[in-house]
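Please look over the structure below. A short report on its local geometry, contacts and ligand shells follows.

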Amino acid sequence: MYNPKIIIDLIADNIRKTRNPFGIPKSMINNWWTETPVRPEGDTLLFTGLMYQFTPYIEKTTHYLERYEDTKLADYMQYSKYIPKFIAGTVLALMTPGKEKKKADTIVRNIVNILAKSNVEFYYKPELDDYSGILLYDLGDQEGFVRHAEFVAAKLKRAGVRKIITVDPHTTYALKVLYPKYIGESFEVKTYFELISLRSKNGGARVTLHDPCFYGRYLEMSDVPRKVLANLEIECVEVINSEQATNCCGGPAESVSPKLSKEVLDRRVEELQSAGQPIIAMCPICLGNLKKSGTDVEDLSSLIARSI
Amino acid sequence: MTLVNPEFAEELERFGVNTALDCFNCGTCAAICPLIYEHFPRKMIRYIQVGARDRLLENDKELWRCLHCGLCTYTCPREADPGELILGLKRFIVSNWRRS
Ligand code: SF4
Ligand code: SF4
């Protein structure tokens, strides 16, 4: 296990400087929109919260954290406050493979296509799309979270944003629950799959959903993706511990202890595999983490895009 | 020897920790927690109840094992909100680090 203080200080410092946990300029992380036609003005803002775009960087950092956990380097980091360059910043950006960045961009583009096919009107402005700050909240850096959230919300308010479409459970929870509670700013927030009205007979597939903690338990909306899939004639084979009683994939521990994260992951994967079907994730953290186990997993948006 | 601090629970309220006294130590949370680790989170809640501030500070890093997954909160028969208590303890510790 790493000393949480070092990890929290590093993340908080990166967020202060670059507004994201990796200390990489947003212009290097968020590029999917440059090759995708999206309206720049409108009534409802698509707010990705950048988390899908982060997945290749998360994979790279945790790869190194995993390698050095409980080694002399981890001890050295603790006492000298030395942070190896490959954990954050432009060195991390340069070492993260372009192929993985493209895969992450494809997920966001699929979501854009699904919304367009459902005749949902929305616009996108990259300058308004920021990280929500939820990791600071989860790690207990409440002051840091509030400061960052105020920055993000103030920008949205200045731009007159009232309605928002999100794409992942962490950002959704932050905007729907934490922003009103801790900084007194409210928006009308919907996740993309709440807005889908698509029917198809091409389905026929059977899958197992891994409900993320925030959608399943905190926001109690597990029925929504199941209805979306039912309309596409895709069958969900349930496992024990799903919906509100879902079991965490272990992802949230990956920055402090990749070993612990893997232990929790292995147990969850075994549960999910017991259904014998391909696994569907709907959270960038779950998706990246489940992939590490080598199991057959894809994002909900990829399955929907393929079926319509 | 552990020093017991009766004002500890009060000190923690500022960090959103205010349901610890609802817990009756049944252990449901520890049985269901995916960490499967030394009576976690029940043990930490017990430290609050008995005012074992020093004991908590000695073991503070363990709080970051918690995934904030909310399964314990979902199953707690007393609605003591164990998951949020752990998050509140993290806030307390971070604030202590920042001040020191
Ligand atoms: S927090 Fe709830 S589940 Fe855990 S020991 Fe206390 S009463 Fe039982
Ligand atoms: S919220 Fe933390 S303590 Fe509660 S079940 Fe999840 S990991 Fe365990």
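Where is the place of B:Glu38? B:Glu38 sits in the loop between helix 2 and helix 3 of chain B.

## Basis of the model

This is a predicted model: local features need pLDDT of at least 70, side-chain atom pairs count only at pLDDT 80 or more, and totals for chains, interfaces and linings use all residues. Residues are numbered from 1 along each chain as its sequence is written, chains are lettered from A and ligands numbered from 1 in the order in which they are written, and side-chain values use heavy atoms, with hydrogens and water left out.

## Backbone features

B:Glu38 is not a glycine, yet its phi is positive, at about 35 degrees. With a relative accessible area of 47%, B:Glu38 is partly exposed (buried means under 20% relative accessible area, exposed over 50%, partly exposed in between, with a 1.4 Å probe and protein chains only). B:Pro41 also lies in the loop between helix 2 and helix 3 of chain B. A cis peptide bond links B:Phe40 to B:Pro41, with omega about 5 degrees. Helices are DSSP runs of H or I with at least four residues, strands are runs of E with at least two, and both are numbered from the N terminus.

Chain A has a positive phi at A:Arg19, near 70 degrees, and this residue is not glycine. A:Arg19 belongs to the loop between helix 1 (4-18) and helix 2 of chain A. At 26% relative accessibility, A:Arg19 counts as partly exposed.

## Ligand shells

Around ligand 2 stand B:Cys33, B:Pro34, B:Leu35, B:Phe40, B:Pro41, B:Cys66, B:Leu67, B:His68, B:Cys69, B:Gly70 and B:Cys72. A residue is near a molecule if one of its heavy atoms lies within 4 Å of it. This shell has nine nonpolar, two polar and no charged residues. Ala, Val, Leu, Ile, Met, Phe, Trp, Tyr, Cys and Pro count as nonpolar, Asp, Glu, Lys and Arg as charged, and the others, Gly among them, as polar.

Ligand 1 has 13 residues around it; B:Cys23, B:Cys26, B:Gly27, B:Cys29 and B:Cys76 come nearest. Helix 2 (28-32) and helix 3 (42-49) of chain B each supply at least two residues of this shell. By class, the shell around ligand 1 holds eight nonpolar, three polar and two charged residues.

## A helix crossing in chain A

In chain A, the axes of helix 8 (residues 142-158) and helix 9 (residues 169-183) come within 10 Å and cross at roughly 100 degrees. That makes helix 8 of chain A roughly perpendicular to helix 9 of chain A. Axes are lines fitted to C-alpha atoms, for helices over the stretch in contact, and angles run from 0 to 180 degrees between N-to-C directions. Angles under 35 degrees count as roughly parallel, over 145 as roughly antiparallel, 65 to 115 as roughly perpendicular and the rest as oblique.

## Aromatic pairs

The count over all chains is 15 aromatic pairs. Rings of Phe, Tyr and Trp (its six-membered ring) pair if their centres lie within 6.5 Å; planes under 30 degrees apart count as stacked, over 60 as edge-to-face and the rest as tilted. The rings of A:Trp32 and A:Tyr124 have centres 4.6 Å apart and planes at 50 degrees, so this pair is tilted. A:Trp32 and A:Tyr124 are both buried.

The rings of A:Tyr173 and A:Tyr218 have centres 5.2 Å apart and planes at 65 degrees, so they are edge-to-face. A:Tyr173 lies in helix 9 and A:Tyr218 in helix 10 (residues 213-218) of chain A, so the pair ties together parts 45 residues apart in sequence.
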